Amino acid sequence: MKTAIVTGASSGIGAFIAKNLIEEGYRVYGFGRHFNDVNDMEEFITIELDLKYTDRLVSEIKKIRKNENISLLINNAGAGYFALHEELNTDKIHEMVCINLEIPMILTQLLLRDIKRNRGTIINISSVTAKKSNPHGCAYGATKAGLSSFASSLFDETRKYGVKVVTIHPDMTKTNLYRNADFDVGDTDDTYLNPKEVADAVKWVLNQREGMVITDITLKPQYHRLSRKSKKDKIKHEYI
């Protein structure tokens with residue numbers, strides 16, 4: 001059986017990715033902080049941890065490698081704080097750099113020999129912010145740009161071994177990423193992506209023929225519109 005590692009698998013895009021992968025015949029090891037709403041699926045092994053605790057993450061990956069033949073890594077977990085850069089604190093900046101960039105690089109390093117041996121795939125869930133200027137999201141956009149750059153170089157480094165490296169750049173998606181922001185996705189379904197749509201893009205990537213790689217996918221809703229949260233709503237979101 002094929003084995004996959006998926007970060008941020010407890011909700012949103014990651015939960016849909018895990019479900020799709022199981023339907024495709026994978027055993028999935030899903031990493032996340034909480035798995036309250038996960039269906040009882042035999043091939044979905046959940047590991048609850050905060051990815052910022054790197055030592056424990058490394059230990060868990062080493063345990064999995066002893067028993068599994070890993071051919072797929074999906075770096076999906078993300079952290080986002082949106083404000084004027086001067087209003088961020090050091091903890092928020094550190095969390096975004098760690099979760100959005102450092103952890104994908106560490107996981108790739110730990111698993112790359114297995115993926116090369118299996119001519120496997122690495123999929124990074126980046127963001128459209130990687131490709132543009134991001135006022136009120138300078139640090140977030142920078143971490144996603146770093147992830148996309150890393151993936152591009154990694155493909156050139158590993159393609160001769162049959163490894164596929166793919167980066168998906170979703171636009172505004174209806175998840176809890178914006179719970180700390182003073183804005184949210186638009187009010188109509190043509191102004192945002194659904195998590196399942198991003199997960200289905202992952203599924204589509206994995207079903208392409210051997211020998212052809214689509215290294216970069218950008219997903220956007222038809223319209224670019226945001227909704228503004230009231231101060232009361234923002235406080236409510238911060239304490240969910």
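Leaving aside neighbours within four places in sequence, Asn20 touches Ala199, Asp200 and Lys203, where contact means heavy atoms within 4.5 Å. The model is a predicted one, so local features need pLDDT of at least 70 and side-chain atom pairs count only at pLDDT 80 or more, while totals for chains, interfaces and linings use all residues. Residues are numbered from 1 along each chain as its sequence is written, and side-chain values use heavy atoms, with hydrogens and water left out.

Asn20 sits in helix 1 (residues 12-23); helices here are DSSP runs of H or I with at least four residues, strands are runs of E with at least two, and both are numbered from the N terminus. With a relative accessible area of 8%, Asn20 is buried (buried is under 20% relative accessible area, exposed over 50%, partly exposed in between, using a 1.4 Å probe and protein chains only). The buried set of helix 1 also takes in Ile13, Gly14, Ile17, Ala18, Leu21 and Ile22. What do these buried residues pack against? Their partners are strand 1 (2-7), strand 2 (26-32), strand 3 (44-48), strand 4 (70-75), strand 5 (121-125) and helix 5 (195-206).

As for its length, helix 1 has 12 residues and spans 17 Å from first C-alpha to last, close to the 16 Å expected at 1.5 Å a residue; the expected span is 1.5 Å times one less than the number of residues. After helix 1 comes Gly25, with a positive phi near 95°.

Helix 5 turns up again at the second largest pocket, where strand 4 and helix 5 each supply at least two lining residues. This pocket holds about 280 Å³ of space. Of its 16 lining residues, Tyr26, Arg119, Thr121, Leu206 and Glu210 are the closest to the centre. On a 1 Å grid over the protein atoms alone, a pocket is an open set with protein on both sides within 12 Å along at least five of seven lines, a cavity is a set of points where a 1.4 Å probe fits but cannot get out, and lining residues have an atom within 4 Å of a point. Grid points are joined across faces, edges and corners, and a volume is the space filled by probe spheres set on the points.

There is one cavity of 30 Å³ or more. The largest cavity has about 40 Å³ of space, and Lys164, Val166, Val205, Gln208, Met212, Val213 and Ile214 line it.
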